[in-house]
Amino acid sequence: MDTRSEHRANSQPTQTWGRAARVFHWLNFVCVLALMVLGLAILNAKAFGVSVEGKVLLKTLHVYVGYVFVINLGWRIIWAFIGHENARWNAMLPFYRGYVEDLKRFLRDLRASRPTTETAHNPLGRLMVTFLLLLMLTQAGTGLVLAGTDLYMPPFGNAIADWVTDGDAELRAKLQPGSTDYVVESSYSEMRAFRKPYISVHEFVFYIMAAAVLLHIVGVVVGEFKERNGLVSAMITGRRSGNDGEN
Ligand code: HEM
């Protein structure tokens, strides 16, 4: 028996998700939801009859929520190195020897409606978590660049404002977010060309993410009822249902 199976066979889990992982999860949930709603409003601003100023405000709000999202995500990545056993990379990622066998066994158990004894992410959950993490990192990276290209907000806003004004201090002082007044046209066009792939990826990943979040929710709800793993309750209370361990 490998150490992982041994651990599963012997485990009497007292805790599934620690406080840090739960705070991350629900703050992330609120941020992603808010970013999606604001993102949809930005995408459809014209159809909703939103003014230019209104759109700048929507984008600015989106970026402020984005900063919270990025800091929370950054903290979670640090926590994956130093946190509780179930919050670490080796409890989250599918890259270990025997993963494929574990996945097959898990799918067999799921088909037979046999409850499994996973203490944290099941093998399918590991795939989903890795995929969601990649999507979130992509949104964070492209979003931070976009915050600079349209609103001149940190971390790249200063450099981009210098770029579109050719470093002219007078123009720079008058530059307004979302406006093309006081820019040097040729430099501004260059900047727009530079930003194009970022906005395309940001929008495309938004759609993938909406589908992945739905799939994630379906997955955990199925897990809760079919696999009877108690992971939803565990994300709220820290403990799996039917388990009286403490957090
Ligand atoms: C879950 C993460 C995120 C989702 C689902 C999301 C979604 C979206 C969507 C749908 C749009 C509209 C795209 C368009 O107009 O074509 C948008 C625009 C934008 N996002 Fe995000 N976003 C996320 C994270 C972030 C982050 C972390 C930042 C920066 C801190 C950010 C900054 C921006 C900016 C500046 C725009 C406006 C781009 C423009 O049209 O000029 N986003 N986002």
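**Close-up views of a predicted model**

**View 1. The second largest pocket holds about 690 Å³ of space.** In this predicted model, the second largest pocket is lined by 28 residues, of which Ile42, His62, Leu146, Ile199 and His202 are the closest to its centre. Helices H2, H3 (52–82), H6 and H9 each contribute at least two residues to this lining. By class, the lining of the second largest pocket is made up of 17 nonpolar, six polar and five charged residues.

**View 2. His62 and His202 coordinate the iron atom of the ligand.** Both histidines use their NE2 atoms, at 2.0 to 2.1 Å from the iron atom. The six donor atoms around the iron atom of the ligand subtend angles of 88 to 179 degrees, and the arrangement is therefore octahedral. The pair joins distant parts of the chain, since His62 belongs to helix H3 and His202 to helix H9, 140 residues apart. His62 counts as buried because its relative accessible area is 16%, under the 20% limit for that class, and His202, at 16% relative accessibility, is likewise buried.

**View 3. The largest pocket holds about 1,200 Å³ of space.** Its lining consists of 43 residues, and those closest to the centre of the pocket are His25, Met128, Leu132, His216 and Val220. Two or more lining residues come from each of the helices H2 (19–43), H5 (99–111), H6 (123–151), H9 (185–227) and H10 (231–237), with H9 giving the largest share, 14 residues. The lining of the largest pocket has 32 nonpolar, nine polar and two charged residues.

**View 4. Aromatic pairs, of which the structure holds eight.** The ring centres of Trp26 and Phe29 lie 5.4 Å apart with the planes at 75 degrees, so this pair is edge-to-face. Trp26 and Phe29 are three residues apart in helix H2 and are thus separated by about one helical turn. Trp26 is partly exposed, with a relative accessible area of 35%, and Phe29, at 38% relative accessibility, also counts as partly exposed. The rings of Trp75 and Trp79 have their centres 5.2 Å apart and their planes at 35 degrees, so this pair is tilted. In helix H3, Trp75 and Trp79 are four residues apart, a separation of about one helical turn. Relative accessibility is 37% for Trp75, which counts as partly exposed, and 22% for Trp79, which counts as partly exposed.

**View 5. An aromatic cluster is formed by Trp163, Phe194 and Tyr198.** Ring pairs provide the links among these three residues.

Methods: Residues are numbered from 1 along each chain as its sequence is written. This is a predicted model: local features need pLDDT of at least 70, side-chain atom pairs count only at pLDDT 80 or more; totals for chains, interfaces and linings use all residues. Side-chain values use heavy atoms; hydrogens and water are left out. On a 1 Å grid over the protein atoms alone, a cavity is a set of points where a 1.4 Å probe fits but cannot get out, and a pocket is an open set with protein on both sides within 12 Å along at least five of seven lines; lining residues have an atom within 4 Å of a point. Grid points are joined across faces, edges and corners, and a volume is the space filled by probe spheres set on the points. Ala, Val, Leu, Ile, Met, Phe, Trp, Tyr, Cys and Pro count as nonpolar, Asp, Glu, Lys and Arg as charged, and the others, Gly among them, as polar. Donors are N, O and S atoms within 2.8 Å of the metal (3.2 Å for Na, K and Ca); water is not among the atoms, so sites may look incomplete. Four donors count as tetrahedral if all angles lie between 85 and 135 degrees; four count as square planar and six as octahedral if opposite donors are over 155 degrees apart and all others between 65 and 115; anything else is irregular. Buried means under 20% relative accessible area, exposed over 50%, partly exposed in between (1.4 Å probe, protein chains only). Rings of Phe, Tyr and Trp (its six-membered ring) pair if their centres lie within 6.5 Å; planes under 30 degrees apart count as stacked, over 60 as edge-to-face and the rest as tilted.
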